[in-house]
Amino acid sequence: MGAADETRDGVSLTNLDQPLFDGAGATKRDLVDYLDAVHARILPELRDRPLSVLRVRPGQEPFMQKNLPKYTPDWVRRTEVWAEASHRRISYALCDDRRTLLWFANQRAVEYHPTLGRAGDPEHPSHLVLDLDPPEGDSFGMAVRAALLVRQALTDAGLAGAVKTSGAKGLHVIVPVAEGTTAEEAAAATRALAVHAERLDPGLATTAFIVEDRGGRVFVDSTRAYGATVVAAYSPRIRPGTPVSYPVGWADVESVTPAEFTVRTVPGLLGERDPWAAALPAPQRLPADLVAEGRTIPVARVQAMHEGKRRAKARREAG
């Protein structure tokens, strides 16, 4: 680490004038200034949730960091989570305050991916997520149309959600759920809502997990459940121009483009407002019939795994 360029909230900030990454159109200082400007809005999204961050170091590929490095200051709060896949305990950060956020910014943590549930309670998510992933190319308009299908599916089920850009090429619809909702109930309801949206316009939307089965349609991804994360509202993304996952509001979703919302533009657009807090509906009870229907729908990722094996076997037998 070089000498500090400046100190904020007791955090030494270094190398602030380095480019953030190739094509960022921003420096490390722009990242620090941006996260500081929005800290009061992004922290409620991160607080008390195990946090994964996507970092980018000069000359290296971006990498996802879950386990805190040994040099992490003692004052960074953390929570231990057992990782079944790697059979080890992972020490996740809890980014609860401005000081921790500034420390992450100085580590060149660009993207912030909190869990759906709070620390120590992964079995009770606070919200469910429908992630709308349009096909390659200039297809954001398709994601918008798919988001409106999801909104209709929610309305039909007596629910409401808020919409934000993913900061990449798609949109996220977030549905806050009542306390006590289990991860299994949330996952089932998410699957049912995705299928309802697909039924409304099967030419536009698909729940097909396997890419070659999507046929140029928008993938309504219902697999963000259990230990999954989703990029936080107001988080920057490692994409050309350093865009931000930004709340757009149902009234405006058809008239925006994701590139409007970047680390350079968002503080000015926000002013004193917090449009995400304003857009999120109150937590809602999931209708029992929606959950029951979702339980009859196979988990997309598991279904895709079995289908992949079946196809590989068929190819082998076909010689």
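Predicted model: local features only at pLDDT ≥ 70, side-chain atom pairs only at ≥ 80, totals over all residues.
Let me start with the record. UniProt has an unreviewed entry that lists residues 27-276 as "domain: DNA ligase D polymerase". In the model, that span is 28% helix and 23% strand. The C-alpha atoms at the ends of residues 27-276 sit 26 Å apart.

Now, the sheet. What is the order of the five strands in the open sheet? Reading across, you get E11-E12-E10-E14-E13, and the pairing is mixed. At the edges you find E11 and strand E13, residues 205-206, each of which pairs on one side only.

E11 pairs with E12 over four bridges, in the antiparallel sense. If you want to find the pairing on your screen, look for Val-163, whose bridge partner in E12 is Val-173. Thr-165 is another one to look for, and its partner in E12 is Leu-171. E11 and E12 make a hairpin, with five residues between them. In that turn, Gly-167 has a positive phi of about 90°.

On to E12 itself, residues 171-176. Is this strand mostly covered or mostly open? Mostly covered: six of its six residues are buried. As a general point, side chains in a regular strand alternate between the two faces of the sheet. Here, Leu-171, Val-173 and Val-175 point one way from E12. His-172, Ile-174 and Pro-176 point the other way, and all of these residues are buried.

Next comes E10, residues 127-133. E10 and E12 run antiparallel and are joined by six bridges.

H1 covers residues 28-37 and H2 covers residues 39-46. They pack at an angle of about 80°, with their axes 5 Å apart. That angle makes H1 roughly perpendicular to H2. Who makes the contact? From H1 it's Leu-35, Asp-36 and Ala-37, and from H2 it's His-39, Arg-41 and Ile-42. Sort those contact residues by type and you get three nonpolar, one polar and two charged.

Last stop, some loop residues. Gly-23 is in the loop between strand E2, residues 11-13, and H1. What does Gly-23 contact, leaving aside its neighbours within four places in sequence? The answer is Arg-239, Pro-240 and Gly-241. By contrast, Gly-23 and Ser-52 are 29 residues apart in sequence, and their C-alpha atoms are 23 Å apart in space.

Most residues other than glycine have a negative phi. Asp-9 isn't a glycine, yet its phi is positive, at about 55°. You'll find Asp-9 in the loop between strand E1, residues 6-8, and E2. Its relative accessibility is 38%, so Asp-9 counts as partly exposed.

The other one is Arg-108, also not a glycine, with a positive phi of about 60°. Arg-108 lies in the loop between helix H3, residues 98-106, and strand E7, residues 109-114. Is Arg-108 buried or exposed? Buried, because its relative accessible area is 6%, and the cut-off for buried is under 20%.

Note on methods:
Residues numbered from 1 in each chain as written. Heavy atoms only, no water. Axes fitted to C-alpha atoms, helices over the stretch in contact; angles between N-to-C directions. Helix = DSSP H or I, 4+ residues; strand = E, 2+ residues; numbered from the N terminus. Parallel < 35°, antiparallel > 145°, perpendicular 65-115°, else oblique. Contact = heavy atoms within 4.5 Å. Nonpolar A, V, L, I, M, F, W, Y, C, P; charged D, E, K, R; others polar. Buried < 20%, exposed > 50% of the residue type's maximum accessible area, 1.4 Å probe, protein only. Pairing = 2+ DSSP bridges. UniProt positions renumbered as here; feature names shortened; annotations may be inferred.
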